[in-house]
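Visitor: Can you walk me through this one? Keep it quick.

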Amino acid sequence: MNTSVSIGSLTLRNPVTVASGTAGYGEELSGYCDIARLGAIFTKGLSIEPRPGNRGPRILETPSGMLNSIGLENVGIGKFLSQKMPFLREKGATVIPNVAGHSVDENVELCRVLSETPGVAALELNVSCPNVKEGGMAFGRSVPTFTALVTAVRKVATVPLIVKLSPNVTDVTEFARAAKDCGADAVSAVNTFLGMKIDIRKGKPHFLNKVAGLSGPAIRPIALRIVYEMCARVDIPVIAIGGIGSIEDVLEFLMAGACAVSIGTMTLVDPRAPISCVERLEDYMHTTGVSDVREIIGRAQTA
Amino acid sequence: MAQLIADPREVARGHHELAFAWDGAAPLPGQFISIKVNEGSDPLIRRPFSVYDFREGVLRIVVKSVGRGTRELSRYAKGDALDVLGPLGRGFSVREGGSVLLVGGGVGNAPLYFLARALVAKGTAVTCVYGSRDAGQVYLSHEFLEVCDRLVITTDDGSAGQQGTVADLLPGVLDGGAFDMICTCGPALMMKAVTEIAVSRKVPVEVSLENYFGCGVGLCYGCTVDTVNGNRRACVDGPVMDGSVIRWDSLD
Ligand SMILES: Cc1cc2nc3c(=O)[nH]c(=O)nc-3n(C[C@H](O)[C@H](O)[C@H](O)COP(=O)(O)OP(=O)(O)OC[C@H]3O[C@@H](n4cnc5c(N)ncnc54)[C@H](O)[C@@H]3O)c2cc1C
Ligand SMILES: Cc1cc2nc3c(=O)[nH]c(=O)nc-3n(C[C@H](O)[C@H](O)[C@H](O)COP(=O)(O)O)c2cc1C
């Protein structure tokens with residue numbers, strides 16, 4: 001039975017990964033499963049300097065989902081390399097750092113350093129970060145800004161480059177195509193949807209940042225539609241993200257055409273969910289007589 | 001999965017005791033468990049609860065109904081199995097010898113009973129200031145009375161024990177005895193006041209935070225609190241922390 005999938009030159013032992021920002025740096029998760037058995041771990045969004053993240057409320061449950069406004073709290077590249085990578089390598093995890101710089105230069109520097117770091121399997125570029133040079137609008141919301149960033153990063157990234165797309169645009173597929181044209185090896189889709197909550201008692205937004213990112217099962221059908229359309233129209237490997245938590249969800253996204261999936265919010269609900277999906281996928285392949293997981297990928301595209 | 005060994009029992013108005021058969025790791029005082037209150041995706045995230053007591057394979061919590069998840073928990077029945085993670089987090093220091101003052105507010109009294117038992121077992125004298133809104137919301141005070149050397153009940157309206165908040169009473173209690181340490185759990189504003197009093201009298205103080213948790217296991221950075229040493233995650237670096245290092249205005 002073959003469960004491995006390829007993303008450019010990178011081979012994952014199976015298509016089930018853990019999404020950035022919901023796996024920390026693997027330490028806590030390793031208390032719940034052998035993280036080497038996961039397809040990959042996408043670590044928390046990194047900046048050059050450590051970031052304290054946002055003040056005020058950071059999480060709020062919503063119907064079948066949650067809003068978050070963490071603000072990319074992270075340890076910074078220095079501590080990531082000296083303290084977090086050694087642990088992940090020792091555990092045998094497939095590590096894909098999430099790069100979350102706030103300028104083209106910061107992203108380029110991060111990708112240059114990470115590309116040279118032993119044990120980094122690939123890079124995931126988070127284009128949902130505000131671009132401080134352009135008034136804080138996220139890189140991933142305008143094609144020219146996006147293209148400039150991906151092009152610059154591609155030049156220094158010597159490992160596979162995955163671009164994580166923002167869904168807060170009219171047509172996400174357009175960005176998948178732009179990523180391919182800039183030489184990205186894959187895209188991951190999608191990041192959180194911008195949402196909001198107003199505290200009616202106080203008469204003001206619940207989050208200090210006003211808006212926050214919506215994730216979880218609430219966004220799953222929208223993410224699935226985006227992934228399905230993208231896979232039909234652009235020839236680039238897609239890592240699907242959005243409310244995935246069960247084997248049924250994993251199969252849906254693979255059948256839609258994704259070559260791998262990431263489990264985010266549902267990892268927060270149950271840290272055993274990712275490993276359980278790995279095991280259930282093997283069970284599914286066994287009982288349905290599928291010998292290679294690639295037979296499942298895209299099945300619903302041709303039907 | 002953890003099975004309820006009895007129907008949830010109403011121990012005070014809107015407060016239910018849940019008792020689980022527990023074969024997981026033994027919890028320490030101040031640790032919590034995290035419960036998925038139903039099978040579906042709504043409500044989605046787990047709900048955290050302090051361990052009220054653990055002995056002979058039975059883990060008890062006290063749940064105050066404040067919303068959908070907590071109400072749902074009160075409606076389970078004996079024999080039902082719930083998805084429970086834990087024990088989680090860092091608990092209180094269990095001092096050996098000397099004298100410790102426990103200060104609880106409302107549902108925040110819950111972890112203090114288990115702590116009191118552990119302290120008494122180590123030969124430590126325990127005084128407990130048990131604060132509540134009113135007499136109807138005082139739960140299991142007879143159990144506290146059995147283990148604590150001294151129990152002072154206070155209610156905001158004076159309907160049970162002395163009238164006033166725990167912060168009103170605290171200076172008097174501290175004047176009346178020497179304490180090596182204060183351990184507190186309750187609303188943030190109360191713990192802030194207790195910390196200020198403790199710090200001004202140079203008594204070490206540990207607080208058990210009850211801010212909004214996301215995952216409860218350290219993955220999401222949703223429950224971060226600001227301390228003099230930088231950000232700390234309440235779920236894994238706490239919920240019990242040294243009260244004097246917390247920047248309380250970040251919890252408002
Ligand atoms: C470490 C820890 C230990 C706790 N121990 C106990 C305990 O022993 N007994 C007990 O009854 N409660 C305890 N709580 C609080 C309890 O977790 C919340 O009351 C519960 O999650 C609310 O769920 P709900 O679905 O009923 O409320 P919701 O419908 O989600 O919300 C109702 C109200 O509760 C508030 N709330 C929601 N989640 C939390 C939360 N995590 N903490 C505080 N307020 C919240 C909301 O802001 C809202 O105002 C503890 C919390 C923490 C973090
Ligand atoms: C608490 C939290 C933190 C997140 N942090 C990051 C991050 O640092 N970088 C990133 O690219 N995406 C981040 N995300 C987005 C997730 O990786 C994922 O794309 C999104 O939540 C949708 O998937 P889900 O519904 O499975 O959670 C975060 C999401 C959550 C809930």
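Guide: A term to begin with: a residue is buried if 20 or more other C-beta atoms lie within 10 Å of its own, exposed if 12 or fewer, and partly exposed in between, with C-beta atoms placed from the backbone. By that rule, buried residues make up 50% of the 252 residues in chain B.

Visitor: What kind of model is it, and how is it numbered?
Guide: This is a predicted model: local features need pLDDT of at least 70, side-chain atom pairs count only at pLDDT 80 or more, and totals for chains, interfaces and linings use all residues. Residues are numbered from 1 along each chain as its sequence is written, while chains are lettered from A and ligands numbered from 1 in the order in which they are written.

Visitor: What does chain B span along its principal axes?
Guide: Its C-alpha trace spans about 50 × 40 × 35 Å.

Visitor: How many helices and strands in chain B?
Guide: Five helices and 17 strands. These are DSSP runs, numbered from the N terminus: helices are H or I with at least four residues, strands E with at least two.

Visitor: And which domains does chain B have?
Guide: Domain 1 is 2-88 and domain 2 is 99-208. The bounds come from an automatic or database domain assignment. The two domain centres in chain B, taken over C-alpha atoms, are 23 Å apart.

Visitor: How many residues of domain 1 are in contact with domain 2 in chain B?
Guide: 14 residues of domain 1 are in contact with 13 of domain 2. Contact here means C-beta atoms, placed from the backbone, within 7 Å. On the domain 1 side, β2 (9-12), β6 (53-55) and β7 (58-64) of chain B each supply at least two residues. β7(B) gives the most, three residues.

Visitor: What classes of residue are on that domain 1 side?
Guide: Eight nonpolar, three polar and three charged. Ala, Val, Leu, Ile, Met, Phe, Trp, Tyr, Cys and Pro count as nonpolar, Asp, Glu, Lys and Arg as charged, and the others, Gly among them, as polar.

Visitor: New topic. Which residues have the most contacts inside the largest nonpolar core?
Guide: A:L123, A:A189, A:V227, A:V238 and A:A258, in a core of 175 residues. A nonpolar core is a set of buried Ala, Val, Leu, Ile, Met, Phe, Trp, Tyr and Cys residues joined through C-beta atoms within 7 Å. Helix α2 (residues 110-121) of chain B gives the most to this core, eight residues. Domains 1 and 2 of chain B both give residues, so the core lies between them.

Visitor: What does A:V238 touch?
Guide: Leaving out residues up to four places away in sequence, its partners include A:A189, A:V227, A:M230 and A:A258.

Visitor: Now ligand 1. Where does it lie?
Guide: Between chains A and B. 22 residues surround ligand 1, the closest being B:R47, B:K64, B:G67, B:G69 and B:T70. A residue is near a molecule or strand if its C-beta atom, placed from the backbone, lies within 6 Å of it. The shell has 13 nonpolar, four polar and five charged residues.

Visitor: Why is the ligand 2 site shared?
Guide: Residues from chains A and B surround ligand 2, so the site is shared between chains. The shell around ligand 2 has ten nonpolar, 15 polar and two charged residues.

Definitions and conventions: Contact = placed C-beta atoms within 7 Å.
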